[in-house]
Amino acid sequence: MAEPAPELVLYTHGLGESGRLLADALRSQGAGVRVTRCETVSRTSLHAAFSDTLGEARVAIVAFAPVDRGLARPLLEWMPDDWRRCADEPQLRLLEILQGLRDALAGRPCSVVLLGASIGMTGAANHVALATATEGQRGLMKALARQWGESWRLNWVSVTAPLIFPDIGYGDIPEQCELGDYTPPLGRRPDWADVARTALMLAGQDAGGVTGQTVIVDGGEWMLP
Amino acid sequence: MDAPLNKPLDGRIALITGAGGGIGRDLARALAAAGAHVGIAVRRPETGEETARLIEAEGGTGGLVLCVDATDRASVAAGIERLHAEFGAIDIIIHNAAAPDSAYPMPADLSDEAAWRRQTDITLGGALSLAQAGYPHLKASGRGRFVVMTSNFGYHGAAMNAIYSASKASLRGFIKSLAREWGPDSITVNSISPAAATEATRAFFGQFPAMETAYKRKFALGDLGDPRRDIGEGAVALCSDYLRYMTGQTLFLDGGLFPSA
């Protein structure tokens, strides 16, 4: 029997409406969701923000998007400052967010689920910066899962890009590899309820032996190894 | 394939960053032995001159030492233009340079923005500068190769250095996306994930021989790779016509350490 949905803190900086939809979907699955708000992304500010919202929660869901992904454009059109802000800094900021959460927890155990776009795993023309940032965040997740494994589990939910970023259409990302007209294996595209259920599964003790893993919620589109 | 079998890069022009030591030097030696003219991009000329001397001693095609700081956009562009002015083309760019920090354990709790910048300004800033400055020449080549050196640490998520793991992992998203952008120009974009017994690795294990023995057991082939033979010649294959249809991929030259798929 599935365990009851947990009390959790949710931080969705940069996701806008998608963050609200994720919060609603988590609540609809029975989770107690405490939204952590913190406009300034730094270790210190996140430490304070998580301290205010954690309570007894030992589950955190973090969906931290590049604040400014910039317009989709070829790599040749990126200026160095934009590149640093959109490809590099989202990785550093995610580290600072998790450091802040760790500071707030003060040694208490935690299960962390991170969300990002699957575009990093498939690649997409005109989205080199987003793919670079996202894959770096995922690599960081793995390293921290190993380094902080004594008290933390960290896992990653990879979400089809048009769901998490509505300005990216399905026509803007690579089509899956099947020959002929595309039909999702599940017969439909994933929605936020699918994402929420997967995140809660990974967050809970039913997945107590799982850490450093990635689950792709794309309706079976790519089936990446 | 037009090139002789023993010179699969005959006449190609290559630029390699961080070619003044470690794997970068052995990449330069291997590409030169395969017939390429190599731009040895280094921050300190004396290290590049030693690489050029080794290439010459091995009967290689010759190397041109270029003073390039991968964190400096103008420096990268100047190095590429100098190589192009010398040889009239650039067919291959390999971004190998990395910060020394990457070799040392660093607790994530203690990692800060300064430590982050020291690594990613080279890894990611350098990748952007090289790609942008090199693109016109790689396109004109008709068989352009853009290669970044990544690491198993980026794939399995090494505990010892989270910044290094993140920056190398990020290159996977970089190559997969850029491969899709540059495919129509016949430029392949790939990465190499090596596990090599560099001088630094040998020095480390010299202090901890028991650790070396245990580590080697993890390799399907029983040992770390030889930088010149196992990594360098793998890079030659990737840059040659033999693998011209491979793009957006990571070539794991790791003796079977990490089962990537």
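In chain B, strand S6 (residues 188-194) runs parallel to S7(B), and four bridges join the two. Strands pair if DSSP finds at least two bridges between them. This is a predicted model: local features need pLDDT of at least 70, side-chain atom pairs count only at pLDDT 80 or more, and totals for chains, interfaces and linings use all residues. Residues are numbered from 1 along each chain as its sequence is written, while chains are lettered from A and ligands numbered from 1 in the order in which they are written.

- Ile192(B) stands opposite Leu251(B) of S7(B).
- From S7(B) (residues 250-253), Thr250(B) and Phe252(B) point one way, and Leu251(B) and Leu253(B) the other.
- All four of these residues are buried (20 or more other C-beta atoms within 10 Å of a residue's own; exposed means 12 or fewer, partly exposed in between; C-beta atoms are placed from the backbone).

**Chain B overall**
- Chain B has nine helices and seven strands (DSSP runs numbered from the N terminus: helices are H or I, at least four residues; strands are E, at least two).
- Its radius of gyration is 17 Å, close to the 18 Å from the globule rule for 261 residues, so chain B is as compact as a globular protein of that length. The radius is taken over C-alpha atoms, and the rule is 2.2 Å times the number of residues to the power 0.38.
- The C-alpha trace of chain B spans about 50 × 40 × 40 Å along its principal axes.
- Of the 261 residues of chain B, 55% count as buried.

**Helix H6 of chain B**
- The 21 residues of H6(B) (residues 162-182) should span 30 Å at 1.5 Å a residue, and the end C-alpha atoms are 30 Å apart, which agrees. The expected span is 1.5 Å times one less than the number of residues.
- In H6(B), 21 of the 21 residues are buried, so this helix is largely enclosed by the rest of the structure.

**Contact between chains A and B**
- The contact takes 40 residues from chain A and 36 residues from chain B (C-beta atoms, placed from the backbone, within 7 Å).
- H5(A) gives the largest share of chain A's side, 16 residues.

**Helix H7 of chain A**
- Nine of the twelve residues of H7(A) are buried, so the helix is largely enclosed by the rest of the structure.
- Trp192(A), Asp194(A) and Leu202(A) are among the buried residues of H7(A).
- The buried residues of H7(A) pack against elements of chain A including strand S1 (7-11), helix H1 (17-28) and strand S5 (152-159).

Note on methods: Two residues are in contact if their C-beta atoms, placed from the backbone, lie within 7 Å.
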